[in-house]
Amino acid sequence: MCGIVGYIGFKDAKEILLNGLEKLEYRGYDSAGIAIRNEKDVHVFKEKGRIADLRKIVDTHINAATGIGHTRWATHGVPSTENAHPHQSLSGRFTLVHNGVIENYEQLKKEYLLDVPLKSDTDTEVIVQLIEIFVNEGLDTEAAFRKTLHLLKGSYALGLLDKEKAETIFVAKNKSPLLIGLGNGFNVIASDAMAMIQVTDQFVELMDKEMVIVTKEKVTIKSLNDEEIERAPYTAELDAGDIEKGTYPHYMLKEIDEQPLVMRKIIQAYQNDQGKLTVDENIVQALQEADRLYIVACGTSYHAGLVGKQYLETIAKIPTEVHVASEFVYNMPLLSEKPLFVFISQSGETADSRAVLVKVKELGYQALTITNVQGSTLSREADYTLLLHAGPEIAVASTKAYTAQISVLSILANATAETRGIKPEFDLIHELGIVANAMEVLCDTKDEFEQIARDYLSTTRNCFFIGRSIDYYVGLEGALKLKEISYIQAEGFAGGELKHGTIALIEEGTPVIALATQENVNLSIRGNVKEVTARGANPCIISMKGLESEDDRFVIPAVHELFTPLVAVIPTQLIAYYAALHRDCDVDKPRNLAKSVTVE
Ligand code: F6R
């Protein structure tokens, strides 16, 4: 949520900053800005809207080799030019970009800034005004920055320019992600390596409560107690091609299409030299020793967790609960004696999940993070990590990460079962291979799903997804995908639950997408379809080969019944994609959302 970049070196900073911000737009896109510093002055350009809008107002004649930039997802103050970053201090000497939330900003305002006329409604402006106040009281910039950081409660990734210290960007981090990129004769800062991979692949991670003095030649990391910290850089394994759309009109479509390939990459990544799927033995050991697993996640990752619970209980026979992170931290269930926490997070940065991780670590419990981003906060702070190997997911609506999460959970369950001496009833590599092939067939059948979107969703106000058993979980995910990108009111329901109230919403023509991939509930879900049809609904049954009936709108290729979510979700992703397209919605950047949700 919100992305920041910075460059200090010898090239034209504005292009590097704007290109970097375009790569970070997934983190927020309601307004954006850059500040560039040349020998004469600091020039600030800010605009409501997208980076493309910002580009139009940046003065191309100004050349500067230092700058910072920001793309915003509003928390404090509406999206507007005034509230867009960078923010400047009263005299204009200091210029700041910020990702995060300062929880005590009102209190700081009252205590220190009663005489300072603020120009925005943001929490960020408080930081930059405080720095100036402390400098006016006699501190140098670094000391004033440090003093301010000591006062802040909340999360921040900060980039600060001082008009009188042209050769430095001051940087700090707490809870919000931030990396320093190293170059030859230049250095950069970025919320995500993706933003700067075009200029360097050498990055240094920052830990919470660290500040950094960045010049074009040197990067000095310090604790807030002014002790220097040595940290070696790492090479970001990101292919610049992975973050381009290529010939696709949208990242979402590209990422849907990548799912068969991701599935094969996961199989490869978890296969040992003997061709067996394995997981780090310490992780399996931790699962073995636990008497109960607590999966914690948000949104799509939570939906993957629901499927994962089935695998961990059915395949590995370990009792498992799944919890929404934002609820768990304030409403904790009675825990078992030896719990193991499993965090599922594509980004590894989700603040709601992190709040739970911090709490369970305080309580002394072990945690495993399943994430797409190596070195992300949730990965660093948990005891163990399993990677998704899905490649960067850029569209705000998660697709390939969901199927990758489910696949990795199946591998984890399978490996744990084997170690526990439970003989799996199937060869997982073989089954996942069948899934990859089925995914390919579905990705090649886009026309069908475009037609379904046209027939059912062109003008509708709402839509229901129903399923039973594991199909119910896929219905939840299908509904989330549809509502987040097409803005159609969509809800997922357990087929049997509708008649307990929700069926009152069924009217003439209400679309009901029913998933029927499970033999043991095939008749009952079809019964539920009859109930809604009798009340005027327009049913669209998506079933699986072997269970089909003549009324079905689409039949997906047969896969093992445990792994149907991996394939049944693809029609729902594509239907959502085309529905959004037909309704002229911004598929990759839906309104009000951002990809990496780093505020609680
Ligand atoms: C929906 C979506 C979100 C995320 C959720 C958690 O398409 O992407 O619901 O799944 O915000 O994000 P991560 O997985 O990064 O923790």
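## Record and model

For "domain: SIS", an unreviewed UniProt entry lists residues 283-422 and 452-590; UniProt positions are given in the numbering used here, feature names are shortened, and annotations may be inferred rather than shown by experiment. Residues 283-422 are 46% helix and 20% strand, with end C-alpha atoms 17 Å apart. Helices (H or I, at least four residues) and strands (E, at least two) are DSSP runs, numbered from the N terminus.

This is a predicted model, in which local features need pLDDT of at least 70 and side-chain atom pairs count only at pLDDT 80 or more, while totals for chains, interfaces and linings use all residues. Residues are numbered from 1 along each chain as its sequence is written, and side-chain values use heavy atoms, with hydrogens and water left out.

## Antiparallel sheet

An open sheet of eight strands has the order S3-S2-S4-S1-S10-S9-S11-S15, with antiparallel pairing; two strands pair if DSSP finds at least two bridges between them. Its edge strands, each pairing on one side only, are S3 (42-48) and S15 (234-235). Strand S11 (residues 202-205) is joined to S15 by two bridges, and these strands run antiparallel. Gln 202 is the residue opposite Thr 235 in S15.

Helix H1 (residues 13-24) packs on this sheet and touches strand S1 (3-8), strand S2 (31-37) and S4, where contact means heavy atoms within 4.5 Å. The direction of H1 makes about 155 degrees with that of S1. Axes are lines fitted to C-alpha atoms, for helices over the stretch in contact, and angles run from 0 to 180 degrees between N-to-C directions.

## Parallel sheet

Five strands form an open sheet with parallel pairing, in the order S22-S21-S23-S24-S25. Strand S22 (489-494) and strand S25 (554-556) are the edges, and each pairs on one side only. From one strand to the next, the twist averages 20 degrees.

S21 and strand S23 (residues 511-516) run parallel and are joined by three bridges. Phe 464 stands opposite Val 512 in S23. Helix H16 lies across S21, S22 and S23, and runs at about 175 degrees to S22.

## Ligand surroundings

There are 15 residues around the ligand, and Ser 301, Ser 345, Ser 347, Thr 350 and Glu 484 come nearest; a residue is near a molecule or strand if one of its heavy atoms lies within 4 Å of it.

Polar contacts are pairs of N or O atoms within 3.5 Å; within protein, one must be able to donate a hydrogen and the other to accept it, and residues adjacent in sequence count only if both atoms are side-chain atoms. A side-chain N or O atom of Ser 301 is 2.5 Å from an oxygen atom of the ligand. For Ser 347, a polar side-chain atom lies 2.7 Å from a ligand oxygen atom. Gln 346 has a backbone N or O atom 2.7 Å from an oxygen atom of the ligand.

## Backbone features in loops

The peptide bond from His 85 to Pro 86 is cis, with omega near 0 degrees. Pro 86 is in the loop between strand S4 (66-72) and strand S5 (87-88).

Lys 175 is not a glycine, yet has a positive phi of about 70 degrees. Lys 175 sits in the loop between strand S8 (169-174) and strand S9 (179-182), and counts as partly exposed at 38% relative accessibility. Buried means under 20% relative accessible area, exposed over 50%, and partly exposed in between (1.4 Å probe, protein chains only). Ser 469, also not a glycine, has a positive phi of about 60 degrees. The loop that holds Ser 469 lies between strand S21 (462-467) and helix H16 (470-486). Ser 469 is partly exposed, with a relative accessible area of 36%.
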